[in-house]
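Please look over the sequence and the structure, and then follow the text part by part.

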Protein chains: 2
Amino acid sequence: MVGKAKISPREDSAAELPAAHFISDDGNFILYKGDALEVLPKIAGASVDLIFADPPYFLSNDGVTCQSGRMVSVNKGGWDRLKSVAAMHEFNRAWLAACRAALNPNGTIWVSGTRHVIYSVGFAMQELGFKLLNDITWEKPNPPPNLSCRYFTHSTETILWAARETKSKHKFNYKLMRANNGDRQMKSVWQFTAPSGVEKQHGAHPTQKPLALLSRIIEASSDAGDLVLDPFVGSGSTGIAATRLKRRFIGIDTAAEFLDLALTRYQAE
Amino acid sequence: MVGKAKISPREDSAAELPAAHFISDDGNFILYKGDALEVLPKIAGASVDLIFADPPYFLSNDGVTCQSGRMVSVNKGGWDRLKSVAAMHEFNRAWLAACRAALNPNGTIWVSGTRHVIYSVGFAMQELGFKLLNDITWEKPNPPPNLSCRYFTHSTETILWAARETKSKHKFNYKLMRANNGDRQMKSVWQFTAPSGVEKQHGAHPTQKPLALLSRIIEASSDAGDLVLDPFVGSGSTGIAATRLKRRFIGIDTAAEFLDLALTRYQAE
DNA sequence: TATAAAGGTGAATCCGCAC
DNA sequence: AGTGCGGATTCACCTTTAT
């Protein structure tokens, strides 16, 4: 264990602390099952140093609404696409607000997404008072080709980095990033091949991020011992990278199968 | 003159047609002075094939509001940043809606911007019913370095490409793009050096785009004779590229000095 | 080598309101 | 009136890279 004290519940809310899905022996790797919106206020206080979030896209279903921060699919009758756009935005605002409350004043958040969600996310961040620090382009050298031949080949994901507020003194390990880039300032375009095969051996997740990408994010904006949180665990890459880099980790997901996948990967470390 | 008829005012609104700042002899290059929001409904009907827009950022002033689609700086008393975020979004929605009305059903629009505005723009597009086709990353190999050493070097601008609506059959000159990319599908990351020196000989504009960038955009998504519109003319690069590629052009700007700069560049062709 | 980059930071200062 | 504090503004200086 490095640096700080173990993760512990907030004094004033210990009574309603939800049962963890998993806690490691050293207490530095914890998984919660549930909605980030519900779980976050009970566990994290304003103590989180770094958040990485890869929110769901809700691509498959046009008929979607947002009820108290949760996405619900609805009967298509009388529904339309624009209402789904509004629902997506309401959802993004809700979980982002919960994340903002969990961040410490100098904490930062990273959010990845494609064009379907990232504009709602970025604008919601501005609406909520986050300060956008960088918009990183994750460029995939080997993107799937565009079969329809009606678009430029979609070869990027956007990753937004933001501080809790304008006044935040955000953490940025400039020298490390510079050293990792041949003693030149690291730019906002990052090339990483999408994970395949070996990295996905424990199970599949549609938007799994390469560990090298998560490692860069965590190293750039946190120190050993810091608390890292992922409100949409998915395949669990954030927790793996955080653990390897000696950060403490809390993961949240609504789906038990993803938590189990993340746990399996953690235990294989 | 190529292909179609000359640009002419809409039959039903000719009476209120504003006086053009400039019309070329062949009628294929027209500049209007004024607010895009006011000028667009009077001139274009639903006849525009392609729009390129580089909207203002309103960076310099925190105290900014939006009155009937126009940005107005306000006394800072009682003002706050979040209201400026809302005002920026209102402004973007207003001019984007006017652009959407001017587009023909299969027309497309390109909008460039940095993180300060592009999330509001992209989300407004979704709200208005545009269909996001591509999010292009314009990567600058020669970005200004980050002096504060607290960020990754901002080295991109985002350029959104969208169709008027989901049902649009948008134009994409796939084969030409493929041929221009060594017979490989062209991807959504484009490298162009930012214009400097020679290209800026006729005057300065803070966000001048390289002609090669505008040329790619116009060639990708329009044909000779098509009508191209730029609601924020700035240094006028869109009109130059459009003219060289035999497209018709309408430019709008509130600032006479930018229109004159664009005109000087046009006449130097 | 000098310059420019829709810069960024933080200390010093100034101003206005509260006590 | 004088003092104190917080917020807002000003200003000097830091720093890097490509041309």
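The model discussed here is predicted.

**The contact between the chains**

How many residues does each chain give to the contact? Chain A gives 38 residues, and chain B gives 38 residues. On the side of chain B that touches chain A, the elements that supply two or more residues are α2 (81-102), α3 (118-128) and β7 (131-139) of chain B. The largest share of this side comes from β7(B), with seven residues. By class, the side of chain B that touches chain A consists of 16 nonpolar, 15 polar and seven charged residues. Of the interface residues of chain B, 100% are also interface residues in chain A, so the copies meet through the same surface.

**The fold of chain A**

Chain A contains seven helices and 11 strands. The radius of gyration of chain A is 18 Å, close to the 18 Å that the globule rule gives for 269 residues, so chain A is as compact as a globular protein of that length. The C-alpha trace of chain A spans about 50 × 50 × 40 Å along its principal axes.

An open sheet of nine strands is found in chain A, with mixed pairing and the order β1-β2-β11-β10-β3-β6-β8-β7-β9. Which strands stand at the edges of this sheet? They are β1 (22-23) and β9 (189-191) of chain A; each has a single partner strand, so one side of each is left without a neighbour in the sheet. Strands of a sheet pair through backbone hydrogen bonds, either parallel or antiparallel. The parallel sense is seen in chain A where β3 (residues 48-53) pairs with β10 (residues 227-230) over two bridges. In this pair, I51(A) stands opposite L229(A) of β10(A).

Two helices of chain A may be described together with the sheet. Helix α2 (residues 81-102) of chain A packs on the sheet and touches β3, β6 (103-113) and β10 of chain A. Helix α7 (residues 256-267) of chain A lies across β1, β2 (29-33) and β11 (248-253) of chain A.

**The fold of chain B**

In chain B, nine strands form an open sheet with mixed pairing, in the order β1-β2-β11-β10-β3-β6-β8-β7-β9. At its edges stand β1 (22-23) and β9 (189-191) of chain B, each with a single partner strand, so one side of each has no neighbour in the sheet. The partner of β1(B) in one antiparallel pairing, over two bridges, is β2 (residues 29-33) of chain B. Here I23(B) stands opposite I30(B) in β2(B). Helix α2(B) packs on the sheet and touches β3 (48-53), β6 (103-113) and β10 (227-230) of chain B. Helix α6 (residues 237-244) of chain B lies across β2, β3, β10 and β11 (248-253) of chain B.

| α2(A) | β6(A) | about 145 degrees |

Strand β4 (residues 64-67) of chain B and strand β5 (residues 70-73) of chain B pair in the antiparallel sense over four bridges. C66(B) stands opposite M71(B) in β5(B). Two residues lie between the strands of this hairpin, and S68(B) takes a positive phi near 40 degrees.

**The surroundings of the DNA strands**

Which residues come nearest to DNA strand C? The surface near DNA strand C has seven nonpolar, two polar and two charged residues.

DNA strand D has 10 residues around it, of which R184(A), Q185(A), N142(B), P145(B) and L147(B) come nearest. The surface near DNA strand D is made up of three nonpolar, five polar and two charged residues.

Note on methods: Residues numbered from 1 in each chain as written. Chains lettered and ligands numbered in written order. Predicted model: local features only at pLDDT ≥ 70, side-chain atom pairs only at ≥ 80, totals over all residues. Contact = placed C-beta atoms within 7 Å. Nonpolar A, V, L, I, M, F, W, Y, C, P; charged D, E, K, R; others polar. Near = placed C-beta within 6 Å. Pairing = 2+ DSSP bridges. Axes fitted to C-alpha atoms, helices over the stretch in contact; angles between N-to-C directions. Rg over C-alpha atoms; globule rule 2.2 N^0.38 Å.
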